[in-house]
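The following report describes one model, shown below.

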Amino acid sequence: MYKYLLGIDTSCDDTSVGIIKVKGEESEILANIRFSQLEDCTKYGGVVPEVAARTHLDNIKKTFSIALEKSGIILSQIDYFSATVGPGLIGSLIIGSQFCKTLAYLCEKPFIPVHHMEGHMASVNKKPPFLALIISGGHSLIVKCDMNYNFEILCSTLDDSAGEVFDKIGRELKMPFPSGPFIEILSLQSKKTIKPLQILKNKLAFSFSGLKTKCLKMLEEESPEDIARFLENSIANHLIDKLEKIILLTGISEVVVCGGVSANQNIKDQLSNSFDCFFPDLSLCCDNGVMIALAARIRILNQKKLSFNIEEFSSMSLNQWTKEIC
Ligand code: KG4
Ligand code: ZN
């Protein structure tokens, strides 16, 4: 018998609703609808929490209705309702999560709370154990996922995330927000290879703020396309350095690469030349509702705690989520 799962993510600036159809290990995406706040973010040079929350409120109902129509099913057919409860912008999270809880309550079906990072990892259909390299606008992490889907953070960032470097350099270059895809297009025109920056060689941690400062300084002398390529190559080098060390430490060699920056082809190529990598479909790299439904499904398949009462939270590490919540 098929089951239908709804997933909602409003953790940052995108209002996303996904619907999947599952049977045992099989799954099919029926709808993946995303309303981005591109215009607002470009106008303000980034995400403004109050504006984001208000825009989610304007968009959530229509995003859900479009997703439901696209899926070809009706509300009463949905078996499980899931939404991101954190981490993220609290005002934004509350809109998506409360909307979803209300639907679940009205339909008398379970509501499954999902950690946003759990969602990114679930965007790749990979059996554990694996290492997950989560590279997004809000996070840069290497996580160990054991056989039972318990998570442990092995490497995190001391300052900025990988995505922030793309967005801050993009802002300097007057690109729309988020700038990652525009920097990627620019870097394809680069003719000159600048030696990548060596970052924190002796520590098991990421750091991206030095790279951001270096790129900003280089704008005085180098062309934007060469800086774009240098930025990507330096990030790839830094990611590879930390992954090599962690693979040696853990003996786990399969790497799930996810989060918005995992859409970057140059970074993907360099990672897959070095490791046994698994990437999400391009449509699932950036925040989306389908990955939340996929994470909920993993929780169901692995007999994890499902419906529990938890308030939306702006920050909580995956370690705490694994130990205290799930
Ligand atoms: O996962 P995501 O949608 O949101 C967070 O959870 O943060 O990631 C968004 C980040 C942004 O910083 C954006 O610039 C970056 O992912 N990004 C990219 C690309 N597409 C999105 N970075 C590099 N190359 C891309 N093609
Ligand atoms: Zn994300």
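How far apart are the end C-alpha atoms of H10, and what should its 13 residues span at 1.5 Å a residue? The end C-alpha atoms of H10 are 19 Å apart, and the 13 residues should span 18 Å, which agrees. The expected span is 1.5 Å times one less than the number of residues.

## Basis

This is a predicted model, in which local features need pLDDT of at least 70 and side-chain atom pairs count only at pLDDT 80 or more, while totals for chains, interfaces and linings use all residues. Residues are numbered from 1 along each chain as its sequence is written, chains are lettered from A and ligands numbered from 1 in the order in which they are written, and side-chain values use heavy atoms, with hydrogens and water left out.

Helices (H or I, at least four residues) and strands (E, at least two) are DSSP runs numbered from the N terminus.

## The sheet

Five strands form an open sheet with mixed pairing, in the order S3-S2-S1-S4-S5. Strands S3 (26-35) and S5 (111-115) stand at the edges with a single partner strand each, so one side of each lacks a neighbour in the sheet. On average, neighbouring strands are turned by 20° against each other, direction ignored.

Two strands pair if DSSP finds at least two bridges between them. S4 (residues 80-86) pairs with S5 in the parallel sense over five bridges, and Gly-86 stands opposite His-115 in S5.

## Helix H10

H10 (residues 289-301) lies across S1 (3-9), S2, S3, S4 and S5, and runs at about 130° to S1. Axes are lines fitted to C-alpha atoms, for helices over the stretch in contact (heavy atoms within 4.5 Å), and angles run from 0 to 180 degrees between N-to-C directions.

Eleven of the 13 residues of H10 are buried, including Gly-289, Met-291 and Arg-297. Buried means under 20% relative accessible area (1.4 Å probe, protein chains only).

Ser-16, in strand S2 (residues 15-23), is buried with a relative accessible area of 0%. Among the residues that Ser-16 touches are Asp-287 and Gly-289.

Terms used: Buried < 20%, exposed > 50% of the residue type's maximum accessible area, 1.4 Å probe, protein only. Lists of a residue's contacts leave out its neighbours within four places in sequence.
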